[in-house]
Amino acid sequence: MISRALRPIPRAVLAAALVLPLAGCSDDDSTSGAGTPSASATDGSEASGPAPETSTAPSATPSVTPATGKKLSVEGVSMRLVKSPDWHVSQFGTTFGATRRLPSGGVMSVLVSDILANPAADTESTAESYAKLEADDRVPVARVADRVVDGVNCFVLEGQTAKERRSVLGAVVGDRFFTVEFTLPVDDPEADAMMDQMSATIDIAG
């Protein structure tokens with residue numbers, strides 16, 4: 001079971017830090033948290049049990065061009081942002097948060113995070129606990145069908161309100177529990193395309 005104290009995404013802290021100082025933000029520089037060598041963000045210059053419902057989570061298809069922007073990397077997983085100078089990226093331990101204002105006027109946010117998993121935990125039991133925690137979020141999510149990403153079976157949580165939708169993907173791999181989360185405006189084709197491009201770059205350790 002996952003306690004709120006151990007959830008990989010410290011929402012209260014991230015919410016305060018990612019309150020959109022979006023003007024003038026850039027993804028040009030590589031960043032890395034002091035004391036957390038396994039977590040880093042780099043620019044794009046270097047080489048790069050299922051629930052019964054059908055998942056609508058972003059999927060990497062041959063027609064999707066993978067994102068080439070800043071790489072957000074923690075011990076269990078890494079992912080690239082769509083290349084843009086408009087991302088505002090913050091790090092808290094082994095959690096990266098990135099936000100940007102879209103041409104439509106809406107805001108897109110991305111979270112890449114991991115923590116040390118309970119030694120007895122597996123993806124299925126962790127998915128159940130995490131889904132319960134996230135059911136009362138501002139944009140509540142519920143479990144849908146699992147997805148295989150980078151050869152790893154991952155749980156998927158999805159949900160939406162009238163204005164926003166969320167998609168959370170996660171798994172326990174080795175001794176780490178990771179999550180990758182997107183929050184984006186509803187009915188924004190450009191945001192949907194960016195989510196697919198970033199999802200196509202997910203690289204799971206182990």
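Tutor: A charge is said to sit over a ring if NZ of Lys or CZ of Arg is within 6 Å of the ring centre and within 35 degrees of the ring normal. The model is predicted, so local features need pLDDT of at least 70, side-chain atom pairs count only at pLDDT 80 or more, and totals for chains, interfaces and linings use all residues. Residues are numbered from 1 along each chain as its sequence is written, and side-chain values use heavy atoms, with hydrogens and water left out.

Student: Which residue lies over the face of Trp87?

Tutor: Arg100 does, at 5.5 Å from the ring centre.

Student: How many aromatic pairs are there?

Tutor: Rings of Phe, Tyr and Trp (its six-membered ring) pair if their centres lie within 6.5 Å; planes under 30 degrees apart count as stacked, over 60 as edge-to-face and the rest as tilted. By this rule there are three aromatic pairs. Tyr130 and Phe177 have ring centres 5.5 Å apart and planes at 80°, so this pair is edge-to-face. Phe155 and Phe177 form a tilted pair, with 6.2 Å centre to centre and 35° between the planes. Tyr130, Phe155 and Phe177 form one aromatic cluster.

Student: Is Tyr130 buried or exposed?

Tutor: Buried means under 20% relative accessible area, exposed over 50%, and partly exposed in between (1.4 Å probe, protein chains only). Tyr130 and Phe177 are both buried, and Phe155 is buried as well.

Student: Which residues does Asp188 touch?

Tutor: Contact means heavy atoms within 4.5 Å. Not counting residues up to four places away in sequence, Asp188 touches Leu102 and Ser104.
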